[in-house]
Amino acid sequence: MVAELPVYDDAFVGRETELAELLSLLRKHRMLTLVGSAGVGKTRLAVELAGRARRTEVRTVELGRLSRLSSPGQVVQAFTEAVGVYQHAGVALRTTLLAELGNRRVLLLVDNCEHLVEECCDVVDALLSRCPNVQVLATSREALRAVGEAVYPVHGMDEDSVRLFAERAGVPGDQDTIAAICARLDGVPLAVELAAKVSLSVPLSELANRLDQRLDLLSDAGEETRHQSLRAAIAWSHDLLTRYEKELFRRLALLPGGFGLDIAQVVQGGPVIGLLTALQAKSLVVRENDGRFRMLESVRLYAEERLREHDEHAVTAERIISWLCGLGEPGVASSILAPEQVKAQHQEYDNVVYAFTRLVAPDDDRRLMLATMLLRVCFDRGYFTEAGAVLMQVLDQSPADARYRILALEYAALLAGHKARHDEAVKYATEAIETAEAGGQQEIMCRLYRTLAGAYDDMADLPNATWALRQSIEYGVRNGNDVSVAVSQHNLGWCLLLMGSVDEASVLVGDSLPVLRTHARCDIVAIALHTWGCVALEQGDLTAAGARFAEGVRISEHLPWEVLESVEGRAVVAVLSGRYELGVRLLVACEQMRTVRALPVQAWWRRKLDSVLDVAREALSGAAFSRAVSAGRAMDVRHAVETALDKEIVRHAVLSDRQRMVVELVAQGMTNAQVAAKLGISHRTVESHVHNVKTVLDLSTRAQLVAWAQSN
């Protein structure tokens, strides 16, 4: 089972009867919604149910981080992020989602739907009607009213709530008192768990006596009082905090995307480890698997009320905005972001969204930085339309001397390139360079010229691309930007390879790799290894090409779509080594995966792939070729990676019997027409044989082919 479900440190308690009923319903219905009030345990029950369901793939769609005012497009994006779908220029994200899930057998756990019922129902109805193997398990405070929906009400726990209390408390206590407390809490799991935590420091009898004043759990709250069912439990827990714990608690309210120790210390203005430990122990913050902390949304909203009550909202917001912009500062002052800097921006993405939409003033130039950071992360995630529109709007509204304008112009160029508006990309990149030159910002010129080169490359303007890359390298060397120089050297090597300067390309790429292996992200290293493998192919060294492509596969095998080019490289080597069926399987598998994701192929590489596919088609019988195609279509990414790493891929080039006959006749001095007449085949077929043999043997001329035949 491929399962992406929340992981809990504590044990699941009770609910066995509900689980049995739900498993039966899940076998009968493609759409099942768990409905109940806030804190009743819908999510935890749904996760346990999904874990027990016999499905090959389970994905979690978390809607809780979206606001009630989120657009339908943001809801679709939440679904696509969960299943790993990427946006493509000119193709609606919803269309891509439906195409991706058309044949996948997957259970979608859609969590926290109640504030986006209509938008969620629209997506679910489309999935159920267009994707026959998709099943949806949803949690919501109200039914979605989707077509064919089965609704299962979730209530508080009965006697199991006593077991839950005892398990969470971890120490024995008076069972009658615990039962009374749980009954008073209506068996609502979140309230029971909070009470159990507090019981470690407050006597059970006192806890029981305080329930009348502190808990006001509503079972059917209206929309305007959505979080009131938990207010008393949260207030009761909050009132037990020390002064400094309360300070940190309310100041963390403006970080809906979670937080690490660094930003927690910034908002508090002092040490936080002990305070965070106390808040975690009292279940007011939780620690996730990646080590970051977060607040449950209802808890965070309560904390935000306390923040405003103490008139600390403005000062806390300013601290957060300044810190987040500091994460983006390396893009202003240096020529390339380190992997850990990129990771930090990804981790804080939700906080940047919140800061941009809720915290920063409309006339604050820092909106440019926040908008640029959002687009930078969205590029990596494959979603750029909405973030790109936001950046362009802010850029148009910002003055020419805005501090972050150069960075925004660079990302405007990258956005235009993604949308195939190449003239715009050149314009924005050129403006960024001119602005940086005027301001004496030499450190980033290496990167900016590389961005300009990318725009020229997208236009197939290789002379200007190589000029811009040489400028990039010159600036980078002058300013000591070793990693950035290595990236530009690789890019220049690729351009020179396309222009036929193989030897110079080999030197550039070979020189760049040691630096990239040490300092660059693995996807960048994989791209460089693919280029180096292509250089080896052009030099006729199949052994080196195979080894370089294999390294690229290994370094990017955990990146499903970045690995495809390296797998294709191994396929090319396989065909040129005589392993025709294996090569065809890999080529077809990669082509199918590219089609699903609409991943483009660079023209030079496309010609190479088509050429070796023709070689394999000629060498194999019709039945063998069809068999290989069918096997390739049945491959997933993991199988393709495993096959590509077959150690026996690289062999000496092997010719088919018909190819060898053609070569022998050519070596005897026959023309193509004479060979065709001799073998009873068409003149065009002979031309194809001769071309494919030269491809397999990496020969350029007919004379070289004759020389090879005479020595072999």
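Helices (H or I, at least four residues) and strands (E, at least two) are DSSP runs, numbered from the N terminus. The exercises below concern a predicted model.

**Exercise 1.** State how many helices and strands the chain holds, and what share of its residues is buried.

*Solution.* The secondary structure amounts to 37 helices and eight strands. Of the 712 residues in the chain, 53% are buried. The C-alpha trace spans about 105 × 65 × 40 Å along its principal axes.

**Exercise 2.** Determine how helices α6 and α7 are oriented relative to each other, and describe their contact.

*Solution.* Helix α6 covers residues 160-169 and helix α7 residues 175-184; their axes come within 9 Å and cross at roughly 110 degrees. Angles of 65 to 115 degrees count as roughly perpendicular. The two helices are therefore roughly perpendicular to each other. Their crossing is right-handed. On α6 the contact involves Ser161, Val162 and Phe165, and on α7 Gln175, Ile178, Ala179, Ile181 and Cys182. By class, these residues are six nonpolar, two polar and no charged.

**Exercise 3.** Describe the packing of helices α30 and α33 and classify the residues of their contact.

*Solution.* Helix α30 (residues 580-597) packs against helix α33 (residues 637-644) at an angle of about 150 degrees, the axes lying 10 Å apart. This crossing is left-handed. Leu582, Arg585, Leu586 and Met593 of α30 meet Val637, Ala640, Thr643 and Ala644 of α33. The contact comprises six nonpolar residues, one polar and one charged.

Key:
Residues are numbered from 1 along each chain as its sequence is written. This is a predicted model: local features need pLDDT of at least 70, side-chain atom pairs count only at pLDDT 80 or more; totals for chains, interfaces and linings use all residues. Side-chain values use heavy atoms; hydrogens and water are left out. Axes are lines fitted to C-alpha atoms, for helices over the stretch in contact, and angles run from 0 to 180 degrees between N-to-C directions. Angles under 35 degrees count as roughly parallel, over 145 as roughly antiparallel, 65 to 115 as roughly perpendicular and the rest as oblique. A crossing is left-handed if the near helix is turned anticlockwise from the far one by less than a right angle, and right-handed if clockwise. Contact means heavy atoms within 4.5 Å. Ala, Val, Leu, Ile, Met, Phe, Trp, Tyr, Cys and Pro count as nonpolar, Asp, Glu, Lys and Arg as charged, and the others, Gly among them, as polar. Buried means under 20% relative accessible area, exposed over 50%, partly exposed in between (1.4 Å probe, protein chains only).
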